Amino acid sequence: MPRPVTLFTGQWADLPFETIAEKARSFGYDGLELACWGDHFEVDRALESDAYIRSRHDVLEQYGLQYFSISNHLVGQCVAEAFIDERHRAILPDRLWGDGDDDGVRERCAQEMIDTARAAKAFGVDVVNGFTGSPVWHMIYRFPPTSDEMIDAGYQEFAERWTPILDAFAAEGVKFALEAHPSEIAYDIYTAEKTLEALDQHASFGFNFDPSHFIHQLLDPVKFIDRFADRIFHVHVKDSKVTLDNVSSILGSHLNFGDSRRGWDFVSPGHGDLDIDSMIRALNRAGYQGPLSVEWEDSGMDREFGATESAAWVKSSDFPSSALAFDAAFADE
């Protein structure tokens with residue numbers, strides 16, 4: 001059976017839930033990965049009312065859409081951040097921001113992630129994708145002089161903040177899938193290993209594999225799948241394009257996405273440096289049979305055109321593993 005191709009609704013949160021459901025069906029998607037912002041999936045309402053859960057199911061059924069996960073990136077980002085500031089104010093609802101006190105924001109967001117596990121179970125999915133934030137990201141350059149002890153302390157702080165959340169996920173039978181990503185506690189293979197070590201290999205923690213975040217770091221995405229084959233809980237299909245020209249920087253030069261001077265940018269799937277054939281082969285080796293969820297981001301392309309093209313491209317690129325060697329027919333009987 002081919003893997004279902006879903007659309008992540010995070011970049012479509014300006015549209016009402018039923019509108020994006022109708023559009024996703026017309027674009028050619030098999031289902032939706034629901035974002036916990038906009039009105040697509042509201043954690044507090046899901047826990048307050050069975051009728052709210054039913055309303056999500058009714059819309060999905062109306063348009064023949066499957067569902068496999070929900071995603072709460074924005075709230076998760078605020079759980080383990082070193083600093084809480086106006087950037088976080090912009091991504092949180094008032095009930096979680098409160099008075100903006102750093103510790104208060106972190107604590108409310110941690111409880112919201114616990115509640116997200118409960119809401120996921122009530123909705124009928126067993127994976128929540130998201131971010132974690134990081135106590136050490138601001139120390140990435142190791143200057144001013146940064147000791148190993150400072151980094152280790154940051155990973156310990158992360159574990160102290162996230163272990164109770166992951167324990168709650170385990171109690172609900174739900175897994176948390178971190179989208180390894182710059183500004184998160186894990187953003188490449190070595191930091192992912194260090195994160196798992198800090199969490200004592202917690203069984204409820206794994207990854208939402210997204211190749212776009214490795215491409216612009218000049219890391220082969222396939223190596224991440226091969227290294228963490230048993231921890232790939234969900235997959236995003238997103239692409240990025242490296243455009244280094246001996247003037248621009250891989251660090252982005254403090255230029256916003258879509259600026260042509262950047263050294264890299266996100267592009268619609270199939271328009272960047274993603275080798276999807278190698279990715280599919282690696283997912284087959286890993287035994288991954290979950291959805292391929294398109295996270296559509298391209299500042300230079302109409303999103304409805306891009307989302308439609310992406311659904312067809314991903315479906316045409318996916319293929320199952322072979323059940324036998326290609327030369328088996330030559331064997332003596």
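Helix H1 and helix H3 are roughly parallel to each other, and the two exercises below work through helix pairs like this one in a predicted model.

**Exercise 1.** How do H1 and H3 cross, and which residues make the contact?

*Solution.* 
- Step 1: Find the helices. H1 covers residues 17–27 and H3 covers residues 50–62.
- Step 2: Look at the axes, which come within 9 Å and cross at roughly 25°.
- Step 3: Classify the angle. Angles under 35 degrees count as roughly parallel, and H1 and H3 are therefore roughly parallel.
- Step 4: List the contact. H1 brings Phe17, Glu18 and Ala21, while H3 brings Arg56, Val59, Leu60 and Gln62.
- Step 5: Sort these residues by class, which gives 4 nonpolar, 1 polar and 2 charged.

**Exercise 2.** Now try H8 and H9: at what angle do their axes cross, and which residues make the contact?

*Solution.* 
- Step 1: Find H8 at residues 148–172 and H9 at residues 189–198.
- Step 2: Read off the geometry: the axes of H8 and H9 come within 9 Å, with a crossing of roughly 55°.
- Step 3: Name the arrangement. H8 and H9 are therefore oblique to each other.
- Step 4: Check the handedness; H8 passes H9 in a right-handed crossing.
- Step 5: Collect the contact residues. From H8 come Ile151, Asp152, Tyr155, Phe158 and Ala159, and from H9 come Thr191, Lys194, Thr195 and Ala198.
- Step 6: Divide them by class: 5 are nonpolar, 2 polar and 2 charged.

Technical notes:
Residues are numbered from 1 along each chain as its sequence is written. This is a predicted model: local features need pLDDT of at least 70, side-chain atom pairs count only at pLDDT 80 or more; totals for chains, interfaces and linings use all residues. Side-chain values use heavy atoms; hydrogens and water are left out. Axes are lines fitted to C-alpha atoms, for helices over the stretch in contact, and angles run from 0 to 180 degrees between N-to-C directions. Helices (H or I, at least four residues) and strands (E, at least two) are DSSP runs, numbered from the N terminus. Angles under 35 degrees count as roughly parallel, over 145 as roughly antiparallel, 65 to 115 as roughly perpendicular and the rest as oblique. Contact means heavy atoms within 4.5 Å. Ala, Val, Leu, Ile, Met, Phe, Trp, Tyr, Cys and Pro count as nonpolar, Asp, Glu, Lys and Arg as charged, and the others, Gly among them, as polar. A crossing is left-handed if the near helix is turned anticlockwise from the far one by less than a right angle, and right-handed if clockwise.
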